[in-house]
Amino acid sequence: MLTKRIIPCLDVKDGRVVKGVKFEDLKDAGDPVENAVYYDKAGADELVFLDITASSDKRDIILDVVKRVAESIFMPFTVGGGVRNIDDIRALLNAGADKVSINTAAVKNPGLIKETSQRFGSQCIVVAIDAKLIPNTQYPIHNTKHWEVYVNGGRTSTGIDVIDWVKKAEGLGAGEVLLTSMDCDGTKDGYDTELTRAVSRAVNIAVIASGGAGRLEHFYEVLADAGADAALAASLFHYREFSVKEVKDYLIKRGASIRI
Amino acid sequence: MGNIGSVMNACARFAGGSSQAVIVSEAEQLKYADKIILPGVGSFGEAAAELKARKLLETLKAKIQEGAPFLGICLGMHLLLERSQESPGAKGLGLIKGEVLKFKSAKIKVPHIGWNDINAKSKTQNAKILKDVADGSYVYFCHSYYVKPDDEDVVVAITDYGLKFASIIAKDNIFGIQFHPEKSQAAGLKILENFIKL
């Protein structure tokens, strides 16, 4: 049976993992390769690298990181952040990324999803969505609350409804959705199960839930109850609040389908 | 997926001494191969056309028929069969009789992405590809199509995703793997090692 995935996410800036924390198991907490190897051994099902490098002339640094990570771990990993066009996607895939996530560029130019999924295959095109609840608004067509798509790292509203967008992205060939709740991100109060459930029901592609993980039961809620296929967490793993193994052991104990 | 770089990285772990992994793109180079791995990128039709355009098809067939061990990964596995719903009209190698079908069910998500378990069907001779790999091991899948060989006996392992499909097939010196051994951590690397050490 297909298992639910647990995905640590690493923020990378200028080729270094940010908020590097010194642990005994890491010699260099800022080294992306060492972190990747650590999570590989820790039993993570997949990794996401989010490139938050600000200046565009330093973009090539991430390609070197990707290349070195691909040589070091034998598990799938996704790279996102600042991906603008088909050339960026091709370069990341050629460097060894298994999947590339696109966010702002896909909203600005939805044709990019179609073009790249046809060229490289749907399986490697992940559409990342930053969703924010617009309170007291119903979206009658979908009979759900209304969440809006935000771009430019959550700074710019688009007016686009999340459910509309995810359906469109699926139709254009996206293989997966990386769904981040801006309302829950950083709160540690749990994933946005309502948003995740609404998106999971709307499409027939895998949904990776992101934003809000703080306790073990949050993983169970979003995977078993809300229908997410994978749960992503950054700081929770990064600061070793829980290990991947602790999360997985807990989920197995509660009967979820998890890879040991 | 089916990233050739990842396959090379994985092979590099087991190559050495007399064995060396090389990427070939011409028939002339392929002639010297002792074993062949075909990872898949793109669609069935495109890949079949590309093999033909590069004049690799005939050499590939000849090498396999001479007995060179062959491993097709994901799309590389699909190409072993005769045809695929992905690209109607396109011809595969036809070394394994049967076709490639698309997952169709409202109950499952497509593509089938993630870690799923493989279950050895029987102790056939070709189960040697699974030597020292625990039955029920989890491996990484990423695909929308699956193979349906006419001859059930070529199925070495099955995986359950709404329906039971062939995740490993083998016939004589020919092996096909639906999942990505190069992305399946220890279990996947062991399978690649088994193939390289055949």
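Helices and strands are DSSP runs, a helix having at least four residues and a strand at least two, and they are numbered from the N terminus. With that naming in hand, the loop between β4 (98-102) and β5 (112-117) of chain B can be located, and Pro111(B) lies there. The structure described here is a predicted model. The peptide bond that leads from Val110(B) into Pro111(B) is cis, its omega being near 5°.

We can turn next to the place where the two chains meet. Chain A and chain B bury about 2,500 Å² between them, and 50% of this area is on carbon and sulfur atoms. To this contact chain A brings 35 residues and chain B brings 29 residues. Polar contacts link 16 residue pairs between chain A and chain B, counting pairs with both residues at pLDDT 80 or more. On the side of chain A that touches chain B, α2 (60-72) and β10 (206-210) of chain A each supply at least two residues. The largest share of that side comes from α2(A), with three residues. Sorted by class, the side of chain A that touches chain B holds 16 nonpolar, nine polar and 10 charged residues.

Charged side chains deserve a paragraph of their own. Side chains of opposite charge can pair when their charged atoms come close. Over all chains, a search of the whole structure finds 26 salt bridges. Across the interface of chain A and chain B there are two salt bridges. Lys109(B) and Asp229(A) are joined by their side chains in a salt bridge, with 2.8 Å from N to O. Within chain A, the side chains of Lys248(A) and Asp45(A) form a salt bridge, also listed at 2.8 Å from N to O. This pair links distant parts of the chain, 203 residues apart: Lys248(A) belongs to helix α10 (residues 244-253), while Asp45(A) sits in the loop between α1 (32-42) and β3 (47-51) of chain A.

In chain A, the axes of helix α3 (residues 86-95) and helix α5 (residues 111-120) come within 10 Å and cross at roughly 35°. The crossing of α3(A) and α5(A) is right-handed. From α3(A), Ile86(A), Ile89(A), Arg90(A) and Leu93(A) meet Leu112(A), Glu115(A), Thr116(A) and Phe120(A) of α5(A). This contact of α3(A) with α5(A) consists of five nonpolar, one polar and two charged residues.

Also in chain A, helix α6 (residues 162-172) packs with helix α7 (residues 193-202) at an angle of about 35°, and their axes are 9 Å apart. Here α6(A) passes α7(A) in a right-handed crossing. The residues in contact are Val162(A), Ile163(A), Val166(A), Lys167(A) and Glu170(A) on α6(A), together with Leu195(A), Ala198(A), Val199(A) and Ala202(A) on α7(A). By class, α6(A) and α7(A) meet through seven nonpolar, no polar and two charged residues.

Helix α1 (residues 4-14) and helix α6 (residues 185-196) of chain B pack at an angle of about 65°, with axes 10 Å apart. The crossing of α1(B) and α6(B) is right-handed. On α1(B) the contact is made by Ala10(B), Cys11(B), Arg13(B) and Phe14(B), and on α6(B) by Leu189(B), Leu192(B), Glu193(B) and Ile196(B). The contact of α1(B) with α6(B) has six nonpolar, no polar and two charged residues.

Methods:
Residues numbered from 1 in each chain as written. Chains lettered and ligands numbered in written order. Predicted model: local features only at pLDDT ≥ 70, side-chain atom pairs only at ≥ 80, totals over all residues. Heavy atoms only, no water. Axes fitted to C-alpha atoms, helices over the stretch in contact; angles between N-to-C directions. Left-handed = near helix turned anticlockwise from the far one by under 90°. Contact = heavy atoms within 4.5 Å. Nonpolar A, V, L, I, M, F, W, Y, C, P; charged D, E, K, R; others polar. Buried area = accessible area lost by both parts, 1.4 Å probe. Salt bridge = Lys/Arg side-chain N within 4 Å of Asp/Glu carboxyl O. Polar contact = N/O pair within 3.5 Å; in protein donor to acceptor, adjacent residues only side chain to side chain.
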